[in-house]
Amino acid sequence: MSVDTRHWIGGERVASATTFTDVSPVDQAELGEIARGGAAEVDAAVAAAQAAFPGWAATSREERAGVLRAIADGVEKRLEELANVETLDNGALLRSHRRGVMPRVAHNFRFFADWLEGLAHDDFDTRGHGNHVSWDPAGPCALITPWNAPLMLATWKVAPALAAGNTVVLKPAEWSPLTASLLADIAAEAGLPPGVLNVVQGYGAEAGAALVAHPGVRRISFTGSVPTARHIAQAAAANLTPLSLELGGKSPLLVFADADLDLAVDLAVEQYDNAGQVCLAATRLLVESPIAEEFARRFAERAAALVQGDPRDEATDIGPNIHPRQLDKIDGFVRRAVTGGARALVGGGPNTDLGGLYYRPTLLAGVEQDSEIVQEEVFGPVLTLQTFDGEDEGVRLANDTRFGLAATVATGDRERAERVTARLVAGTVWVNCFFVRDLRAPFGGSRESGVGREGGNWSFDFYCDVKNTVSAPRGWRENG
Ligand code: NAI
Ligand code: MG
């Protein structure tokens, strides 16, 4: 593995006086000493982004789209390396990095290249006056990303920000810093001019905090936890920097008695993907009473058959969690729930056969609606099971948290699906499916799950300073 662990600022590698150690969740191997950036490195990166902005903003749509497509090609050329590095760094499955995640990283760049070229603008006539609406680039963007899907989530932001003609300072999560550094290499090889994409490594409280407070930043896009989002919103308030926040969730999977039960169990088991470290995960299984027992039996059978182990192994379904702190956090939630009366129908603790950071896929029953385990995001392979009777109770339980990121409904009845989805509070609702994502469609969270939507024009709305130019029918020399 050869990843440059320094910052990438103004087209150059830059070291810091101090570093921190990146440890693999797979086998606790030390992956590298990562540059520990702070205010000085952030100042330099924002200055580089400001200096590069006029040039990049002035490129034609075709030129920018061309560079984005070259980045996509570069991602595909180095797909095997990216997949392996990401697995070592964050412990997610190598097979899903190879087949799912990294191809989608390339797609993120191609999609926003295509969207940019097709970007429509409005023209209105007002008593002979022309209104012309244009998508002007906004300036340097601060992008702060988490560790659960590092390159995937970074490129959801980097690609539209660059497509819009902005420059970028990316601060990846300190638990998974490596693929952002590889992205800098790929972008440079693709012909992205120096200073258009900068990567500052470091801790959230240091590099992250300095970046979001910087007055030179014109947009902040963040994916991560709610408490950190509050800090960022406070910092952004000082400069009135526009914000996009994609935060946590406690999403429900509503299973009605008329659902295809095999499908519903499949959807439920899928919630253990990435060892449960998925913001969208439907961690609350809400099952209609008549089928609850049968559902729990089939679910337990399926969960028992899941293979836990090394994420590089093709046969593995569930790998390790990211960090000892995260494992402790997960186990703390489960222990408190059990102390409070919950029963573990499946799992219920760390996988002591494997040791390390492996936590057994867990299903907890006997949980109260207002309990911590039902209300708070665990971000691990821990699901709760509750029963309900009828649509009203199902919807009430589904909506009864402070979050609103996603919801999944399993039902065989189309009319019921329409009634129920209309009442759910969520940025995304899936019916008899999960995780299907089209970049043309809006994505984001309601309530404390986020601010704003991304995808298609929603992304350009956020990353652009939209301008309306009104021209009079008179005053032109040639027309008198
Ligand atoms: P976090 O929200 O603290 O970290 C996300 C990113 O924010 C990282 O790059 C971090 O360095 C940065 N950051 C932290 N403090 C900052 C600050 N003051 N200013 C600017 N940037 C800052 O999340 P963390 O601590 O890694 O995970 C804690 C919990 O957050 C998880 O257990 C999970 O519940 C939730 N989470 C949710 C994610 C999602 O996709 N919605 C992703 C990651 C975590
Ligand atoms: Mg790591």
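Select D22 and W175 to begin: both are buried, where buried means under 20% relative accessible area, exposed over 50% and partly exposed in between (1.4 Å probe, protein chains only). You are looking at a predicted model, in which local features need pLDDT of at least 70, side-chain atom pairs count only at pLDDT 80 or more, and totals for chains, interfaces and linings use all residues. Residues are numbered from 1 along each chain as its sequence is written, chains are lettered from A and ligands numbered from 1 in the order in which they are written, and side-chain values use heavy atoms, leaving out hydrogens and water.

**Stop 1: the magnesium ion**

Now show ligand 2. This magnesium ion is coordinated at 2.2 to 2.6 Å by D22 (OD), D89 (O), D89 (OD) and W175 (O). Donors here are N, O and S atoms within 2.8 Å of the metal (3.2 Å for Na, K and Ca); water is not among the atoms, so sites may look incomplete. Along the chain, the donors follow the spacing D-x66-D-x85-W. D22 sits in strand 3 (residues 19-23) and W175 in the loop between strand 8 (167-171) and helix 6 (178-189), so this pair, 153 residues apart, links distant parts of the chain. Helices (H or I, at least four residues) and strands (E, at least two) are DSSP runs, numbered from the N terminus.

**Stop 2: helix 3 against helix 4**

Next, select residues 79-90 (helix 3) and 94-118 (helix 4): their axes come within 9 Å and cross at roughly 120°. Axes are lines fitted to C-alpha atoms, for helices over the stretch in contact, and angles run from 0 to 180 degrees between N-to-C directions. The two helices are therefore oblique to each other; angles under 35 degrees count as roughly parallel, over 145 as roughly antiparallel, 65 to 115 as roughly perpendicular and the rest as oblique.

Show side chains to find L79, E80, L82, A83, N84, E86, T87 and N90 of helix 3 meeting L94, H97, R98, M102 and P103 of helix 4. Contact means heavy atoms within 4.5 Å.

Centre on L82, which is buried with a relative accessible area of 1%. Beyond its neighbours within four places in sequence, L82 is in contact with V75, M102, L151, T179, L182 and I186.

**Stop 3: helix 5 against helix 15**

Move to residues 150-163 (helix 5) and 456-463 (helix 15), which pack at an angle of about 70° with axes 9 Å apart. These helices are therefore roughly perpendicular to each other. Helix 5 brings K157, P160, A161 and A163 to the contact, and helix 15 brings S459, F460 and Y463.

Is K157 buried or exposed? K157 is buried, with a relative accessible area of 2%. Not counting residues up to four places away in sequence, K157 touches L143, I144, T145, S221, F222, T223, E454 and Y463.

**Stop 4**

Pick T241, in the loop between helix 8 (226-239) and strand 11 (243-246). T241 is buried, at 6% relative accessible area. Leaving aside neighbours within four places in sequence, its contacts are V217, R218, R219, I220 and A236.

Finish at helix 13 (residues 390-399), whose buried residues are E391, G394, V395, L397, A398 and N399. Those buried residues pack against strand 12 (252-255), strand 13 (284-288), strand 16 (382-388) and helix 14 (414-423).
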